[in-house]
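Subject: Structure for your review

Dear colleague,

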Amino acid sequence: MGWVPANPIYGFRTGNTLHDPDVGYPTNRVAAFWAIATGIVAAGVSTSTFYAEIGLPASAWINLVPFVIGIVGALLHGFLVIRRVTRDKQKAITD
């Protein structure tokens, strides 16, 4: 939502996102979406494995899947946003 500026504590932290708010805000918006979606899906999966009475170690592996997908998705989407925004900014400067 653009309320919290770039900081070294949390968020999608790269050199570009920490030093350029035009890059940081959209990238962190995407990362926040992935974090919220990952949490919701992980809660659903863990509740399902509990009620299905799936034992260890299978339930641990099943519950790990949404987190891995969420982290990979956030990283890929975040770096794509960084690339797109920096490319658009460079293009605007040269035009």
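A residue is called buried when its relative accessible area is under 20%, exposed when it is over 50%, and partly exposed in between. F67, with a relative accessible area of 41%, is therefore partly exposed. Please bear in mind throughout that this is a predicted model.

**F67 and its surroundings**

F67 is found in helix α3. Leaving out residues up to four places away in sequence, F67 touches T38 and A42. The C-alpha atom of F67 is separated by 9.2 Å from that of A35, although these two residues are 32 apart along the chain.

T38 belongs to helix α2. Its relative accessibility is 12%, so T38 counts as buried. With residues up to four places away in sequence again set aside, T38 touches P66 and G70 as well as F67.

Helix α2 covers residues 21-51 and helix α3 covers residues 58-94. The 31 residues of α2 should span 45 Å at 1.5 Å a residue, and the end C-alpha atoms are 44 Å apart, which agrees. Helix α3 has 37 residues and reaches 54 Å from its first C-alpha to its last, close to the 54 Å expected at 1.5 Å a residue.

Which residues of α2 are buried? They are V23, G24, P26, T27, V30, A31, T38, A42 and T49. The cover over these buried residues of α2 includes α1 and α3.

In α3, the buried residues are S59, N63, P66, G70, G73, A74, G78, V81, I82 and V85. Their cover includes α1, which runs over residues 15-19, and α2.

In soluble globular proteins, nonpolar side chains tend to be buried together. In this model, the largest nonpolar core has 7 residues, namely F12, V23, V30, A31, V81, I82 and V85. Helices α2 and α3 are the elements that give two or more residues to this core. Apart from neighbours within four places in sequence, V30 is in contact with H77, G78 and V81.

**A nonpolar patch on the surface**

Nonpolar side chains are also found on the surface: W61, L64, F67, V68, I71, V72, L75, L76 and F79 form a nonpolar patch there. Together these residues have about 900 Å² of accessible area. W61, one of the members of the patch, lies in helix α3. Is W61 buried or exposed? Its relative accessible area is 60%, so W61 is exposed.

**Salt bridges**

Side chains of opposite charge can pair when their charged atoms come close. How many salt bridges does a search of the whole structure find? The search finds 2.

D20 forms a salt bridge with K89, and the closest N and O atoms of the pair are 2.6 Å apart. This pair links distant parts of the chain, since D20 is in the loop between α1 and α2 while K89 is in helix α3, 69 residues away.

K89 also forms a salt bridge with D22, where the closest N and O atoms are 3.4 Å apart. Here too distant parts of the chain are linked, with K89 in helix α3 and D22 in helix α2, 67 residues apart. Through shared partners, these salt bridges join D20, D22 and K89 into one network. K89 has a relative accessible area of 28% and is therefore partly exposed.

**The loop between α2 and α3**

Two backbone features in this loop deserve a note. E53 is located in the loop between α2 and α3. The phi angle of E53 is positive, at about 55°, although E53 is not a glycine. With a relative accessible area of 71%, E53 is exposed.

P57 lies in the loop between α2 and α3 as well. The peptide bond from L56 to P57 is cis, with omega near 0°.

With kind regards

Terms used. Residues are numbered from 1 along each chain as its sequence is written. This is a predicted model: local features need pLDDT of at least 70, side-chain atom pairs count only at pLDDT 80 or more; totals for chains, interfaces and linings use all residues. Side-chain values use heavy atoms; hydrogens and water are left out. A nonpolar core is a set of buried Ala, Val, Leu, Ile, Met, Phe, Trp, Tyr and Cys residues joined through side-chain atoms within 4.5 Å. Buried means under 20% relative accessible area, exposed over 50%, partly exposed in between (1.4 Å probe, protein chains only). Helices (H or I, at least four residues) and strands (E, at least two) are DSSP runs, numbered from the N terminus. Contact means heavy atoms within 4.5 Å. Patches are made of residues with over 30% relative accessible area and no salt bridge: like charges are joined within 9 Å, nonpolar side chains (Val, Leu, Ile, Met, Phe, Trp, Tyr) within 5 Å. Accessible areas come from the Shrake-Rupley method with a 1.4 Å probe; for residues, only the protein chains shown count as cover. A salt bridge is a side-chain nitrogen of Lys or Arg within 4 Å of a carboxyl oxygen of Asp or Glu. The expected span of a helix is 1.5 Å times one less than its number of residues.
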